[in-house]
Amino acid sequence: MMKRFSTIALAVSLTACGGSDNGGGIAGTTSTPNSSTAQVMTTVPPGTPASPATAANPADPAAGTPATSVPPLAQAATPSGTPTAATPPLAADTPPADAAATAFFVNAYQAGLAEIQISQLAATRAEDENVREYAQQVLAHHTLLNGEIQKIAQAKQVTLPTSISQERTADVTALTALSGLNFDRYYMALNVNAHRASVASALRAGASTNDDNVRVFSVSVLPIYKTHLVFAEDILNQLDPAAFVATIHQSSQAEVAWAQLALERASDAGVRRYAQKMVTEHTAANERISSFARDKQLPLPGDLNEEQQAVTEDLSRFSGADFDRAYMDVNVISHLRAVRYARSQLGSSGRDVDVRELARELEPELAGHLANAAEQARLIEPSFAYRAYQANLAEVSLAYLATARSTDSGVIGYAQRMIGEHLPVVAQLRQQAATSSTPLPVEVSPEAMLAFGTLLVIDDGLFNAGYAAYNARLHNKAIELFTEETLRPDSTATQAFAQTLLPTLTAHRDEARTLRSRFAPQVLELIQRLPAFAGTSMM
């Protein structure tokens with residue numbers, strides 16, 4: 001049965017939404033034992049009367065909550081049904097990790113230990129059902145990820161920590177002292193900060209390292225970290241309207257910073273026009289949000305958060321059409337998130353009438369930005385290397401998820417072949433790019449990110465159908481890309497490369513279609529339950 005939780009794609013479907021007041025309001029006092037948490041939460045101290053701790057059930061039609069109010073993860077890789085082969089086996093002669101790779105794995109593992117510890121606490125102590133379910137899924141995911149890090153660390157002679165850091169120990173102590181709404185808000189705020197840091201770390205590692213295992217791992221975990229982050233921000237914003245004000249303000253600040261970079265680097269006139277629009281309209285939005293915060297006496301973050309800083313650094317690696325596409329993709333994802341958060345406030349989960357009105361003012365413009373970004377992105381044609389590398393990253397990332405989620409031997413075998421046959425292509429593209437000092441993307445495309453988000457949360461019974469359908473579509477697009485490259489008269493080397501790979505891609509596509517046909521009833525059910533799924537043209 002489909003859980004009541006939707007996906008990132010559905011969360012931002014452009015539908016009207018409304019809802020009635022349900023009381024509560026903005027907590028007026030800040031109590032943050034850890035200063036890093038102060039940027040994302042406003043909570044009342046223990047013992048202070050708080051607003052109702054449990055929001056209306058988003059699945060309850062009587063509550064008036066639209067389908068766009070999407071809390072946490074559901075049915076994603078539960079421990080009882082999760083195979084442990086989420087990453088490919090390492091070669092016996094795997095070289096030891098260098099200092100940067102060691103630091104990445106140590107930090108990722110220790111962050112996972114902390115997530116496991118605080119999520120074990122939240123899974124039983126949280127008052128809000130959304131928070132409890134989020135904690136259960138984060139616990140399952142990070143248990144799996146830490147198991148994968150242990151395998152890599154053993155092969156690469158990396159000693160992993162056995163306990164969490166002093167800072168996270170202080171977080172656990174502070175969390176243990178709380179209860180009710182205060183506990184729920186603090187736990188979600190800790191998750192927002194932790195996953196912002198994890199996304200930033202994976203982005204930076206994937207862009208800078210020469211270690212294949214770090215690159216492979218960062219590609220496979222980035223969509224998981226990002227999905228956790230989106231849900232964490234959304235739930236926190238619902239529990240604490242002040243967090244929504246801070247989140248949307250910081251998002252708007254980031255849009256201005258990225259747009260200013262685009263005005264310096266973009267080669268496409270349409271991208272520059274879009275960037276100028278972002279500077280003008282997000283600057284005005286920031287002024288509106290800042291005025292609202294002053295009237296409500298709410299603190300606002302002064303700088304970009306760690307994730308946004310890492311995205312800025314990543315964008316700065318590119319130039320020309322590759323920059324244009326990377327910038328537009330960043331805008332699609334950023335505005336997907338912003339629209340999602342605004343619409344969550346518009347539903348009955350919105351606890352403060354004034355914040356709900358602010359969200360109502362901001363949402364149409366954010367939705368317009370999203371539509372413009374998606375349209376502009378379709379007009380940009382980045383380099384073949386950029387598109388081919390990103391397409392292969394998508395296949396690898398989705399295949400890792402399939403090996404962890406599917407219990408069907410045919411699907412698992414197909415996913416393992418995708419890993420085994422796409423990873424060498426990734427390596428070959430990297431080698432070619434290195435000879436010309438051409439930067440390659442670390443993140444998958446927005447379409448692939450939405451595919452990952454959908455597959456992460458749908459029921460086990462529908463996962464195989466969704467994975468097969470997405471693979472048929474993604475491989476069909478890859479075939480179109482590689483076929484076009486074979487017809488270009490000015491790229492002899494890439495022509496030969498594309499021509500060599502076309503038979504493999506075609507075989508992958510045909511096998512995915514066969515799998516999809518095998519799960520045809522489930523594909524139909526998926527389309528019926530998730531209308532946005534049909535919009536991806538996979539039938």
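Tutor: Start with α16. This is a predicted model. In α16, the buried residues are F497, A498, L501, L502, L505, H508, R509, A512, L515 and R516. Their cover includes α12 (384-405), α13 (409-435), α15 (460-486) and α17 (520-529).

Student: How do you know that the length of α16 agrees with its 27 residues?

Tutor: Helix α16 covers residues 492-518. At 1.5 Å a residue, it should span 39 Å. The end C-alpha atoms are 40 Å apart, so the two agree.

Student: Where does α16 kink?

Tutor: At L502, by about 35°.

Student: Now the rings. Why is the pair F318 and Y386 called edge-to-face?

Tutor: The structure holds 12 aromatic pairs. In this one, the ring centres are 5.6 Å apart, and pairing needs them within 6.5 Å. The planes stand at 70°; over 60 counts as edge-to-face, so the label holds. The pair links distant parts of the chain, 68 residues apart: F318 is in the loop between α9 (306-315) and α10 (320-346), and Y386 is in helix α12. Both residues are buried.

Student: What makes F482 and F497 a tilted pair?

Tutor: Their centres are 6.3 Å apart, with 35° between the planes. Stacked needs under 30 degrees and edge-to-face over 60; the rest are tilted. F482 sits in helix α15 and F497 in helix α16.

Student: Last one. Why is G112 called buried?

Tutor: Its relative accessible area is 0%, and buried means under 20%, so G112 qualifies. G112 lies in helix α2. Beyond its sequence neighbours within four places, G112 is in contact with H142 and N146.

Note on methods: Residues numbered from 1 in each chain as written. Predicted model: local features only at pLDDT ≥ 70, side-chain atom pairs only at ≥ 80, totals over all residues. Heavy atoms only, no water. Helix = DSSP H or I, 4+ residues; strand = E, 2+ residues; numbered from the N terminus. Buried < 20%, exposed > 50% of the residue type's maximum accessible area, 1.4 Å probe, protein only. Contact = heavy atoms within 4.5 Å. Expected span 1.5 Å × (residues − 1). Bend = angle between axes of the 7 residues up to and from the residue. Phe/Tyr/Trp six-rings, centres within 6.5 Å; stacked < 30°, edge-to-face > 60°.
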